[in-house]
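This briefing reviews the fold, charge pairing and backbone features of the protein shown below. Please read it alongside the sequence and the coordinates.

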Amino acid sequence: MPGTQIPTQGAPLRAPAPGPAQPAPAPAPALAAPGLGAGQADWAQRVHDLAQPAGPDGARAGSIDDVIPWKPPVDNPFLSAAQAQGRPAGLGRRLTARLVDTLVLCGLVGAVVLPLWTRAKDHIDEKVEEAKQTGETVTVYLLDGTTGGYLALALAALLLLGVVYEALPTAKWGRTLGKKLCGVRVLDIEDHDTPTLGAALRRWLVYGVLGLLVIGLVNVVWCLFDRPWRQCWHDKAARTFVASGRE
């Protein structure tokens, strides 16, 4: 054919002349969120990953099916007991416990004071009889060195028996017999534990001394108005309060 060269036998084959170089195909662009650049898309993906709930092994779940359903909290008996112990006791139980303790303590003190009272009465009767025998008007004082000594012994018996009946059990168990029967305890106001021996002694001495005075009744009823711990004056002196709980 005209214009076509056919190589003859034995002639070497020649490669066709190279044409102009073809550019390499460009890589496909990465998919990105509509309207976001590459950096913004990466940030959005990270936020999405962090928003997924963590699995048991710490890995982030990939679907909403992996979300752990919410369950209501289970009542903790130890927490409930601690919260109940930290609340001030009811005024009715406190009053009943105080009445029981007062009756028991008065019975113990009465057993000690009764012989002293008999001796003091005999001493006063003798003074009155001596005054009658003089035939004159004589002032007989009921309180003298003898009866004053008996009175001092009676007060000492009250305070010492109160230490044995009130202070020592309060320091060891936080309660007396009356408080145990009524289900209340004396606790330290800061650590909610049984008070120290020093605090228990201070608590009893303030209560005992005020009880011998006219303002002792004011001390007892002060808990009706005190907030939030319902403390009497002897509780404030010892930094204690009367709480619910039998333990």
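Asp122 is located in helix 3, which covers residues 91-134; helices (H or I, at least four residues) and strands (E, at least two) are DSSP runs, numbered from the N terminus. The model is a predicted one, in which local features need pLDDT of at least 70 and side-chain atom pairs count only at pLDDT 80 or more, while totals for chains, interfaces and linings use all residues. Residues are numbered from 1 along each chain as its sequence is written, and side-chain values use heavy atoms, with hydrogens and water left out.

**Overall architecture**

- The protein contains eight helices and two strands, and their order from the N terminus is α-α-α-α-α-β-α-α-α-β.
- Of its 247 residues, 25% are buried; buried means under 20% relative accessible area, exposed over 50%, and partly exposed in between (1.4 Å probe, protein chains only).
- The accessible surface amounts to about 17800 Å², and carbon and sulfur atoms account for 65% of that area; accessible areas come from the Shrake-Rupley method with a 1.4 Å probe, and for residues only the protein chains shown count as cover.
- Among contacts (heavy atoms within 4.5 Å) between residues at least 6 apart in sequence, 65% join residues at least 24 apart.

**Negative surface patch**

- Asp122, Glu126, Glu129 and Glu130 form a negative surface patch.
- Patches are made of residues with over 30% relative accessible area and no salt bridge, with like charges joined within 9 Å and nonpolar side chains (Val, Leu, Ile, Met, Phe, Trp, Tyr) joined within 5 Å.
- Asp122 itself is partly exposed, at a relative accessible area of 40%.

**Salt bridges**

- Side chains of opposite charge can pair when their charged atoms come close.
- The structure holds eight salt bridges, each defined as a side-chain nitrogen of Lys or Arg within 4 Å of a carboxyl oxygen of Asp or Glu.
- Arg98 and Glu166 form one of them, with an N to O distance of 2.8 Å; this pair links distant parts of the chain, since Arg98 belongs to helix 3 and Glu166 to helix 4 (residues 145-173), 68 residues apart.
- Both partners are buried: Arg98 has 14% relative accessibility and Glu166 has 3%.
- Lys179 and Asp101 form another salt bridge, the closest N and O atoms being 3.6 Å apart; here helix 5 (residues 177-182) contributes Lys179 and helix 3 contributes Asp101, and the pair links distant parts of the chain, 78 residues apart.
- Lys179 is buried at 4% relative accessible area, as is Asp101 at 1%.
- Lys121 and Asp125 also meet in a salt bridge, at 3.3 Å from N to O; because these residues are four apart in helix 3, about one helical turn separates them.
- In that pair, Lys121 is partly exposed at 44% relative accessibility, and Asp125 is partly exposed at 39%.

**The network at Asp235**

- A network of salt bridges links Arg94, Arg203 and Asp235.
- Asp235 sits in helix 8 (residues 233-238) and is buried, with 0% relative accessibility.
- Leaving aside residues up to four places away in sequence, Asp235 touches Arg94, Arg203, Thr240, Phe241 and Val242.

**Backbone features in the loops**

- Most residues other than glycine have a negative phi, and most peptide bonds are trans.
- The peptide bond from Arg227 to Pro228 is cis, with omega near 0°; Pro228 lies in the loop between helix 7 (216-221) and helix 8.
- Arg230 is in the loop between helix 7 and helix 8 and has a positive phi near 55°; Arg230 is partly exposed, at 21% relative accessibility.
- His192, in the loop between strand 1 (184-188) and helix 6, has a positive phi near 55° and is partly exposed at 27% relative accessibility.

**Helix 6**

- Val209 lies in helix 6 (residues 197-212) and is partly exposed, with 41% relative accessibility.
- Val209 and Leu155 are 54 residues apart in sequence, and their C-alpha atoms are 9.8 Å apart in space.

Notes. Lys, Arg positive; Asp, Glu negative; His and termini not counted. Charge placed at Lys NZ, Arg CZ, Asp CG, Glu CD.
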